[in-house]
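Please examine the model shown below together with its sequence.

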Amino acid sequence: MAADLSQIVKAYDVRGVVPDQWDESLAELFGAAFAQVTGADAIVTGHDMRPSSPGLSRAFARGAAAQGVDVTEIGLCSTDQLYYASGALNLPGAMFTASHNPAQYNGIKMCRAGAAPVGQDTGLADIRELVERWSESGAPEPAATQGTITRRDTLEDYAAHLRSLVDLTSIRPLKVVVDAGNGMGGHTVPTVFAGLPLTLVPMYFELDGTFPNHEANPLDPANIVDLQKRVREEGADLGIAFDGDADRCFVVDEHGDPVSPSAITALVASRELARNGGKGTVIHNLITSWSVPEVVKENGGTPVRTRVGHSFIKAEMARTGAIFGGEHSAHYYFRDFWNADTGMLAALHVLAALGGQEGPLSGLVAQYDRYAGSGEINSTVDDQSARLAALKTAFESREGVTLDELDGLTVTAADWWFNVRPSNTEPLLRLNAEARDETTMAKVRDEVLSIIRG
C-alpha cells in the first residue's frame, strides 16, 4: 500500500512523528527521490541531536547513494551550518531536524545547491509523489555505479565564515548567557564564540533530543524564564536563546526583558546597510513592526514587504538582490549567507552593536522599538473565511482606513494597524496588532478579538 504523506510533507519541509508517521525505510526513499529531483551528482547531509536523527540521516544517504549520488555527511550540525555547507560546497543539502517540535518528531529541511529553498513549488511536491509511488511499487532500480558516502567536519569553517561577516575584534568585554535548550546551539556556540572577548555562561548545552529542561522554542515566553532569571543573577549584559536546530535566536536585555525580533531586525538592518554604503533592499514580512521600514529608510535603504514564511522571504531576496531580511518569528536572512537564515549571524551582530558602545542593551534597542505591539494571538475558529469576511465588513467603510489582502487581512490607520491571517495547518486565526501607544493597541486588539471570537 502506498504511504500517505499528506500529514508529514508540509509547505516547506517534511515533519512527523517517528516511527508512527515515517521511519528509516521512508527516509531511504526520500534520499532516492531527492537525488532524482535535484539531478545532482553529489549532496550534503547533516542532522541534529534527536535520538532518531543519525539513523534517518544515514538511511537518506543510502537512498541517494544507491542512485549514484556521492554523499558528504557533516554529522551533528545546526540547520544554518548545513546551509553553510550547501553554499560553500555548492551542493544540494538535507538537514534532519524537527526544529522546536517535541522529541518524538523528526523532519527534513531540504535545499538545492547554494542553500536555495526546496518547497512545494520548487521540488517538494515532486519528491512526495515519487516517495508515495515507490512505497507502493518498491524502491527504484539502483544506479550501475553506487555513490560514495564520506564524512567531513565543517564546524570550524562555518564559524570562520560567520566571523568574517561581522567585525568583533574591537568590542568591549561582554558577559553573555546562552540558553541552547539542549539543542544544536550547544554544539555551535563554543566554536563560533571562541577567542572573542566574551564571558560565556552556558545553559543546557548538553545535546539531548528529549529536551529535559524546556521546549527548545524561545518564542514561547515559558521557555525563556530560566534565561531571564540567569541573566539577572549573573549581572550579564544580555541573554541569547536558540531553538532546537539553532537557526533562530531570541534576545533578552540586561534586565532579562525580551527584545522584540522586530527591534533586532531593525538593528541588524541598520548595520548591514552601513556595511553596504547606506544602500540596499531589506525584506520584512507584514507582521514586523512599523519601526523596521522606518529604520531602513532612515539608513538609506529600501524596505520591501512580503507575506509571512521563509519561502516568500527567500524568493523576494533573490528577486530584489536584498542584503538582509527579517521575520517576527526571529528568522534572519543574509545575502552574504546565500540568502539563508542564520540566528547565529544575527546574534553576532547584536554582540558587535552592544560591544561597540558603552550603554546597556535596553538603551541600544529602545531606538528600534518604537510602538506598542500585541504579539501573536491565536484564536480557534469554526470558519476562517467567515471570520475574516466579518472583519472586512466591520472595517472597510471606516474613514482613514486601508485594507489589503497580501496575507490574510491587514487593516491600517494613521495610528495603528492589525493583520489577521489563517493558519495553514490548524483551524486558527493569528492576530498581530500594533499602535503608537499601549491604550490604542489594546483597544484595537480587543475589538478585533471580539469579532474573531464572536
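Strand S20 and strand S21 (residues 416-422) run antiparallel and are joined by 4 bridges. Helices (H or I, at least four residues) and strands (E, at least two) are DSSP runs, numbered from the N terminus, and two strands pair if DSSP finds at least two bridges between them. The model is predicted: local features need pLDDT of at least 70 and side-chain atom pairs count only at pLDDT 80 or more, whereas totals for chains, interfaces and linings use all residues. Residues are numbered from 1 along each chain as its sequence is written, and side-chain values use heavy atoms, with hydrogens and water left out.

Within this pairing, Leu409 has Val420 in S21 as its bridge partner, and a hairpin connects S20 to S21 through 3 residues. S20 (residues 409-412) also pairs with S19 in the antiparallel sense, over 3 bridges. There, Asp404 stands opposite Thr410 in S20. S19 and S20 likewise form a hairpin, with 4 residues between them, and Gly408 in the turn has a positive phi of about 70°. Strands of a sheet pair through backbone hydrogen bonds, either parallel or antiparallel.

Gly400 lies in the loop between helix H13 (384-395) and strand S19 (402-404). Is this residue buried or exposed? Gly400 counts as exposed because its relative accessibility is 62%; the cut-offs are under 20% relative accessible area for buried and over 50% for exposed, with partly exposed in between (1.4 Å probe, protein chains only). Not counting residues up to four places away in sequence, Gly400 touches Thr412, Ala413 and Ala414, where contact means heavy atoms within 4.5 Å. The C-alpha atoms of Gly400 and Thr412 are separated by 8.5 Å, and the two residues are 12 residues apart along the chain.

Elsewhere, 5 strands form an open sheet with mixed pairing, in the order S9-S8-S10-S11-S12. Strand S9 (198-203) and strand S12 (258-259) stand at the edges, each with a single partner strand, so one side of each is left without a neighbour in the sheet. Strand S10 (residues 238-242) and strand S11 (residues 249-252) run antiparallel and are joined by 4 bridges, and Ala241 has Phe250 in S11 as its bridge partner. Helix H11 packs on this sheet, touching strand S8 (174-179), S9, S10 and S11, and its direction makes about 175° with that of S10. Axes are lines fitted to C-alpha atoms, for helices over the stretch in contact, and angles run from 0 to 180 degrees between N-to-C directions.

H11 (residues 343-355) also packs against helix H5 (residues 155-165), at an angle of about 40° and with the axes 10 Å apart. The two helices, H5 and H11, are therefore oblique to each other; angles under 35 degrees count as roughly parallel, over 145 as roughly antiparallel, 65 to 115 as roughly perpendicular and the rest as oblique. In the contact, Tyr158, Leu162, Arg163 and Leu165 of H5 meet Met344, Leu345 and Leu348 of H11.

Two further residues illustrate burial. Thr281, in strand S13 (residues 281-285), is buried, with a relative accessible area of 15%. Leaving aside neighbours within four places in sequence, Thr281 is in contact with Thr302, Val304, Thr320, Ala322, Ile323 and Phe324. Ser57, in helix H2 (residues 53-66), counts as buried at 3% relative accessibility.
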